[in-house]
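Look over the sequence and the model, then read the points by topic.

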Amino acid sequence: MSAGDTGAADTSLPARAGAVLTIDLAAVQANYRRLQERLAPQARCAAVVKADAYGLGAARVGPALARAGAETFFVAQLDEGIAVREALRCVAPEAEILVLNGTGAGPGADFRAHRLIPVLNSLGEIESWQSEAARAGHRLAAALHVDTGMNRLGMPQAELDVLAEDPRRLDGIGLRLTMSHLACAELSRHPMNAEQRAAYDAARGRLPAAPGSLANSSGIFLGPAYHYDLARPGVALYGGNPTPNQRNPMQQVVRLQGKILQAREIDAPQTVGYGATHRAAGPCRLATVAVGYADGYLRSLSNRGRAWVGGQSVPVVGRVSMDLITLDVSAVPPEASRPGALVDLIGPEVPVDDLAEAAGTIGYEILTALGGRYHRVYRNG
Ligand SMILES: *Cc1c(COP(=O)(O)O)cnc(C)c1O
């Protein structure tokens, strides 16, 4: 499909839908393989599919990743883990699914029933998982997260000291992984990266031997010293740029096309939208598109977002409202911006990260905010 194509010809937008969200599963798979190829020879690549695979749909994305070779999956919440287990039932029944929020995410019995592995974040969680193992009457697998500077989740240094003194606290637990998480991985020159790596190495030296994991998407690009045994990319799988300020090495996954509902010519001086925040400087052509902040097109894109239609980049003018945005399509031939035509709000010419920057946020937030009203199409499933 050419970039300038409105897409009307080759996406089956039902007459009722205001927008179509196309998710390219082959691109997700290509991204997975590209990351795996980048890793040091000893390291495997997991897939982080929390928050419904960053909004793209874990039920479809999970199996695609398993087919591409992923054997280990990370989610944040217990229910997400249960959903991913179900999604992988046929494709990868033996996949490892780890729950980052730990035993606090829900009852131990539910972890066991769905063969979910908690990432233990404190001595208290270790104890609780030990009790669960006692109830089960056999060892239970777990990962251990040691905090090395995020101060968010993970075992604090003082608790690590206690554990290192008394490794029997892990009796009954089959330690599958020790992990930590980088705070500044996308800033390759940030001193925190090397500091956290050193702290992580020191922590591992005091714990029972287990495979290690430190790198998220951006961490992979810090080099092999950050790869250990398992990498945990999320956003890069979904096309987000793990190397900000450099060319995006990942393939685009998402295309969001909104339908033009109405187009009009106006004569200056006139204003557009709530609050009259945009004033037309001269005669112009406006197109109103059926996507708004209720769909995750953030209100901060008011007078800042850009879309692509008829081979042109066009600005969002006026405020983003709940169900609608308005574009200045003066530069576009009228036949390309007629009612019914589709405009790219995210696409080859409107990368997720560019939209995020215009909104004053990060691609992660754009993806996870994608709304429930889109007609979703999975390509190459
Ligand atoms: C979300 C998350 C990841 C994935 O991060 P990306 O930046 O999306 O690659 C990895 N590890 C942990 C602990 C996370 O919370």
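A polar side-chain atom of Arg232 lies 3.0 Å from a nitrogen atom of the ligand. That is a polar contact, meaning a pair of N or O atoms within 3.5 Å; within protein, one must be able to donate a hydrogen and the other to accept it, and residues adjacent in sequence count only if both atoms are side-chain atoms. This is a predicted model: local features need pLDDT of at least 70, side-chain atom pairs count only at pLDDT 80 or more, and totals for chains, interfaces and linings use all residues. Residues are numbered from 1 along each chain as its sequence is written, and side-chain values use heavy atoms, with hydrogens and water left out.

**Ligand site**

- The backbone also takes part: an N or O atom of Gly234 lies 2.8 Å from an oxygen atom of the ligand.
- For Val235, a backbone N or O atom lies 2.8 Å from an oxygen atom of the ligand.
- Taken alone, the ligand exposes 390 Å², and the protein buries 93% of that. Accessible areas come from the Shrake-Rupley method with a 1.4 Å probe; for residues, only the protein chains shown count as cover.
- There are 14 residues around the ligand, and Lys50, Tyr54, Ser217, Gly234 and Tyr364 come nearest. A residue counts here if one of its heavy atoms lies within 4 Å.

**Aromatic rings**

- The whole structure holds four aromatic pairs. Rings of Phe, Tyr and Trp (its six-membered ring) pair if their centres lie within 6.5 Å; planes under 30 degrees apart count as stacked, over 60 as edge-to-face and the rest as tilted.
- Tyr54 and Tyr238 make a tilted pair, 4.9 Å centre to centre with 40° between the planes.
- Tyr54 lies in helix H2 and Tyr238 in the loop between strand S10 (230-231) and S11, so this pair ties together parts 184 residues apart in sequence. Helices (H or I, at least four residues) and strands (E, at least two) are DSSP runs, numbered from the N terminus.
- Tyr54 and Tyr238 are both buried. Buried means under 20% relative accessible area, exposed over 50%, and partly exposed in between (1.4 Å probe, protein chains only).
- Phe111 and Trp129 have ring centres 5.7 Å apart and planes at 70°, so their pair is edge-to-face.
- Phe111 lies in helix H5 and Trp129 in helix H6 (residues 123-136), so the pair ties together parts 18 residues apart in sequence.
- Phe111 and Trp129 are buried.
- One aromatic cluster is formed by Tyr54, Tyr238 and Tyr364.
- The charged end of Arg197 sits over the ring of Tyr226, 5.0 Å from its centre. The cut-offs are NZ of Lys or CZ of Arg within 6 Å of the ring centre and within 35 degrees of the ring normal.

**Sheet**

- Seven strands form an open, parallel sheet in the order S3-S4-S5-S6-S7-S8-S9. Two strands pair if DSSP finds at least two bridges between them.
- Strand S3 (47-48) and strand S9 (212-213) stand at the edges with a single partner strand each, so one side of each has no neighbour in the sheet.
- Strands S4 (residues 72-75) and S5 (residues 96-99) run parallel, joined by four bridges.
- Phe73 stands opposite Ile97 in S5.

**Backbone exceptions**

- Most residues other than glycine have a negative phi, and most peptide bonds are trans.
- Ala51, not a glycine, has a positive phi of about 50°. Ala51 lies in helix H2 (residues 50-54).
- Arg115 also has a positive phi of about 50°. Arg115 is in the loop between helix H5 (108-113) and strand S6 (116-120).
- A cis peptide bond joins Ala268 and Pro269, with omega about -10°.
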